[in-house]
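Subject: A structure for you to look at

Hi,

Here is the structure I said I'd pass on.

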Amino acid sequence: MSKPEKIMCDMTEMVVIDETNPRRAMVRIVYSQIINIAFDPCTETGFFRQLPSEKISINLKNREEPIVYYMSKDKENWEGYKAQIRKFCKQNRVSLYDNLETK
């Protein structure tokens, strides 16, 4: 059974599950509230060792800290999240920093 998606994109808004506070909340974000979105490589700790991973950071105008998602917590939906976000950013002219692409 697959996990429910934490990031869902529509034409002009995103609905995300914010896990930064103890009470998980569903947040609706209109494209005009987004400063930028970044895909970055990172390392995560798992079973006493560092594992290479990826993260998605969504920087918003009304929040000091970004909303961050890590690949290890939702591997099943990860590629879908990246595809949705790329399409959303292109349609709404939101800055996307994709630091995962190799040249």
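**What I found, starting with Ile58**

Once neighbours within four places in sequence are left aside, Ile58 is in contact (heavy atoms within 4.5 Å) with Met14, Val16, Asn36, Ile37, Pro66, Ile67 and Tyr69.

Before the rest, some ground rules. This is a predicted model, where local features need pLDDT of at least 70, side-chain atom pairs count only at pLDDT 80 or more, and totals for chains, interfaces and linings use all residues. Residues are numbered from 1 along each chain as its sequence is written, and side-chain values use heavy atoms, with hydrogens and water left out.

**The core**

Ile58 turns up again in the largest nonpolar core, which has 18 residues: together with Met14, Ile37 and Ile56, Ile58 touches the most other members. (A nonpolar core here is a set of buried Ala, Val, Leu, Ile, Met, Phe, Trp, Tyr and Cys residues joined through side-chain atoms within 4.5 Å; buried means under 20% relative accessible area, exposed over 50%, and partly exposed in between, with a 1.4 Å probe and protein chains only.) At least two core residues each come from strands E2 (13–18), E4 (34–46), E5 (49–60) and E6 (67–70) and from helix H1 (78–92). H1 gives the most, with five residues. In soluble globular proteins, nonpolar side chains tend to be buried together.

**The whole chain**

The protein chain has one helix and seven strands, in the order β-β-β-β-β-β-α-β from the N terminus. (These are DSSP runs numbered from the N terminus: helices are H or I with at least four residues, strands are E with at least two.) Buried residues account for 34% of the 103. Along its principal axes, the C-alpha trace spans about 40 × 40 × 30 Å. Looking at contacts between residues at least 6 apart in sequence, 49% join residues at least 24 apart.

**One more residue: Met8**

Met8 sits in strand E1 (residues 7–9). Not counting residues up to four places away in sequence, Met8 touches Glu13, Met14, Val15 and Gln84. Met14 is also one of the core residues mentioned above. And although Met8 and Phe88 are 80 residues apart along the chain, their C-alpha atoms are separated by 10.0 Å.

Cheers
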